[in-house]
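Q: Could you walk me through this one? I am new to it, so please go step by step.
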Amino acid sequence: MDVRIGTTVDGRAAGFDTTNARPLLLVGDSGRGKTTIARYLTRWWLANTSRHVHVYAQAPSEWADLRCDPARPDQLEQPVAVDCRPRACLVVVDDIDLVDDDRLALLPLGAARTILTSHGGNGLTGRPLLNDDITCLGLVRPDHADPAEAAVLDGQGRLDWPNGTVAVIPDQRGPMDFPCHRWQTPAGTWTAAAR
Ligand SMILES: [Zn+2]
């Protein structure tokens, strides 16, 4: 199933194919919604209570309201999801830039569903994960775009994004999708009910 997250510059729907183990990499400047979309997809995944998520995030507290057990990227020390049922398991790394190359092998890239976010794309050029078969979406803001984003909106590529990155204007997201601490969880959300 394709979970829609936005619209490409040429007007097609862009999303996350939950039936495909191809990792999803989200790139884009700060504030473009990478973590927000990763949270939205995670929340969508967890709506089926037979599924679970492993989250590694620079700010684990931003994930604490979701039904997961977030850890920091530097706590990535064991192979992830080796004993999990692939269709039940989602692995999220919020800020893959912080994961050393020698730890990338601990991630089930291409085996379990994986969502990775990166601040920009420059830091990823030449890194081993880009040798894998990945879907890379670059998030842009449609208004007040800076010159690099204005060029993307004009259909040009962006040098600091991985080759083949598809530019996407994200859909507006609801309040539950924004990074929030557990104590800021909007009242009456399903996560509160599930706890
Ligand atoms: Zn798992």
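Q: Which residue stands opposite L26 in β6?
A: L26 stands opposite T117, where strands are DSSP runs (E, at least two residues; helices are H or I, at least four), numbered from the N terminus. This is a predicted model, in which local features need pLDDT of at least 70 and side-chain atom pairs pLDDT 80 or more, while totals for chains, interfaces and linings use all residues. Residues are numbered from 1 along each chain as its sequence is written, and side-chain values use heavy atoms, leaving out hydrogens and water.

Q: How many bridges join β3 to β6?
A: Three bridges join β3 (residues 24-27) to β6 (residues 113-117), and the two strands run parallel; strands count as paired if DSSP finds at least two bridges between them.

Q: What is the strand order in the sheet?
A: The open sheet of eight strands is ordered β2-β1-β8-β7-β3-β6-β5-β4, with mixed pairing. Because β2 (13-17) and β4 at the edges each have a single partner strand, one side of each has no neighbour in the sheet.

Q: OK, new topic: what coordinates the zinc ion?
A: The zinc ion is coordinated by H52 (NE2), H54 (NE2), C84 (SG) and C89 (SG), at 2.0 to 2.3 Å; donors are N, O and S atoms within 2.8 Å of the metal (3.2 Å for Na, K and Ca), and sites may look incomplete since water is not among the atoms.

Q: And where do H54 and C84 lie?
A: H54 lies in β4 (residues 52-57) and C84 in the loop between β4 and β5 (89-94), so the pair ties together parts that are 30 residues apart in sequence.
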